[in-house]
Amino acid sequence: MQLKNDLLLRAARGEKTERTPVWLMRQAGRILPEYRAVRESVSGFIELAQTPELAAEVTIQPVDLLGVDAAIIFSDILVIPEAMGLPYEMVEKRGPWFPETVRSEADLKKLRVAEGDNDLKYVIDAIQITKKALNGRVPLIGFAGAPWTIFAYMVEGSGSKTFSKSREKLYRDPVFSHKLLQLITDSTINYLQAQIRAGANLIQIFDSWAGILGPKQYEEFSLRYITQICDAITEVPVTVFAKGAFFAREEMGKLNCETIGLDWNMGIAESSRLIGADKTFQGNLDPAALYGNPDQVRAATIEMMEQFRGIRHIANLGHGVYPDIDPEMVKVFIETVKEFK
């Protein structure tokens with residue numbers, strides 16, 4: 001299907017664009033009352049994510065209501081462990097929780113390599129429904145969590161400030177760690193390839209917990225597996241967003257991907273020097289800047305855009321939009337990017 005707005009894809013590939021494309025991480029939900037109304041019609045987040053028609057509906061809402069240049073499928077990075085045989089729950093105000101964890105060879109034996117088309121059919125169905133409903137208006141982004149981030153949840157059992165149990169595993173049992181990371185990687189490649197077959201136009205890899213590892217461990221236990229995923233995905237552009245991995249930017253420049261996401265703590269000029277000119281950058285306004293009034297949001301956005309002048313760029317925040325941010329300030333951000341010359 002011919003896309004009416006292919007700015008995101010052209011920017012990712014380094015092609016000329018009339019203006020900078022813009023979208024937001026976590027735009028599907030959270031800030032929009034229309035999303036909350038849909039979510040309140042079901043038992044919670046997981047049922048919403050596993051109901052393809054509703055997942056498609058909330059995926060498209062930001063395109064209609066905010067005017068972003070891309071949709072991102074409404075799902076969760078933790079669908080991969082569930083598809084591998086480790087179900088999770090979403091506890092209100094606490095986040096994800098795994099009744100069981102993976103910490104031994106016996107636990108590993110209970111897992112399987114997930115098949116995207118079958119084990120995650122509800123996501124694939126949601127992508128197909130979304131593509132049909134979008135009718136080529138904007139590209140659709142598919143995504144998955146980076147293997148290290150998924151590993152951290154599977155070993156820890158929940159979110160954590162330190163992920164100390166997960167990091168302990170890397171030191172005390174690197175053989176086990178690599179086995180689990182490879183299982184996750186193989187599952188993730190299957191899943192992303194299924195998303196592409198269903199119609200995803202671009203893939204993003206989220207390494208949410210990159211920044212809690214040191215440089216040596218990040219290279220061994222995260223970048224090695226992100227590299228495998230990037231090498232396996234050749235049909236569509238790939239974006240890698242590794243929050244907090246400022247120390248790995250030079251190595252990330254060697255990844256076989258088109259776009260590197262920057263968090264708001266990563267200097268733009270410095271990142272450009274470290275990563276190089278053959279990657280597109282995505283980001284990187286501090287989400288908290290959107291708590292300002294319209295003039296403040298506009299000024300912060302223009303300041304960011306000026307720093308990206310002359311650099312391949314997809315405008316976004318440096319992390320997901322916070323749930324209590326006023327949607328009107330999100331619109332100011334988006335409109336300011338679109339008007340920037």
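Visitor: What makes the pair Asp64 and Arg137 a salt bridge?

Guide: The closest N and O atoms of Asp64 and Arg137 are 2.8 Å apart. A salt bridge needs a side-chain nitrogen of Lys or Arg within 4 Å of a carboxyl oxygen of Asp or Glu, so the label applies. The pair links distant parts of the chain, 73 residues apart. Asp64 is in helix 4 (residues 52-65), and Arg137 is in the loop between helix 8 (121-134) and strand 4 (140-145). Helices (H or I, at least four residues) and strands (E, at least two) are DSSP runs, numbered from the N terminus.

Visitor: What kind of model is this, and how are residues numbered?

Guide: This is a predicted model: local features need pLDDT of at least 70, side-chain atom pairs count only at pLDDT 80 or more, and totals for chains, interfaces and linings use all residues. Residues are numbered from 1 along each chain as its sequence is written, and side-chain values use heavy atoms, leaving out hydrogens and water.

Visitor: Why is Asp64 called partly exposed?

Guide: Its relative accessible area is 49%. Buried means under 20%, exposed over 50%, and partly exposed in between (1.4 Å probe, protein chains only). So Asp64 counts as partly exposed. Arg137, at 32%, is therefore partly exposed as well.

Visitor: How many salt bridges are there in the structure?

Guide: The structure holds 17. One of them joins the side chains of Arg13 and Glu15, at 3.0 Å from N to O. Another joins Asp125 and Lys121, at 2.8 Å. Asp125 and Lys121 both lie in helix 8, four residues apart, about one turn of the helix.

Visitor: How do you know that Asp125 is not buried but partly exposed?

Guide: Asp125 has 22% relative accessibility, so it falls in the range for partly exposed.

Visitor: Why is Thr336 called buried?

Guide: Its relative accessible area is 6%, so it is under the limit for buried. Thr336 lies in helix 16 (residues 327-339). It touches Arg298, Thr301 and Ile302, not counting residues up to four places away in sequence. Touching, or contact, means heavy atoms within 4.5 Å.

Visitor: Why do the buried residues of helix 10 line one face?

Guide: In helix 10 (residues 164-172), Ser166, Lys169 and Leu170 are buried. Seen down the helix axis, the buried residues fall within an arc of 100°, so they line one face. The arc is that of the directions from the helix axis to the C-beta atoms. On the other side, Tyr171 and Arg172 are exposed. What covers the buried residues includes helix 9 (147-156), helix 11 (174-198) and helix 12 (215-232).

Visitor: Where does Tyr153 lie, and why is it called buried?

Guide: Tyr153 is in helix 9. Its relative accessibility is 10%, so it counts as buried. Among the residues it touches are Ile77, Leu78 and Trp209.

Visitor: What makes Asp76 buried rather than exposed?

Guide: Asp76 has 15% relative accessibility, so it is buried. It lies in the loop between strand 1 (71-72) and helix 5 (79-84). It touches Phe45, Tyr88, Met90 and Phe143, not counting residues up to four places away in sequence.

Visitor: What makes the approach of Leu78 to Asp76 a polar contact?

Guide: The backbone nitrogen of Leu78 lies 2.8 Å from a polar atom of the Asp76 side chain. A polar contact is a pair of N or O atoms within 3.5 Å; within protein, one must be able to donate a hydrogen and the other to accept it, and residues adjacent in sequence count only if both atoms are side-chain atoms. The distance is therefore within the limit.
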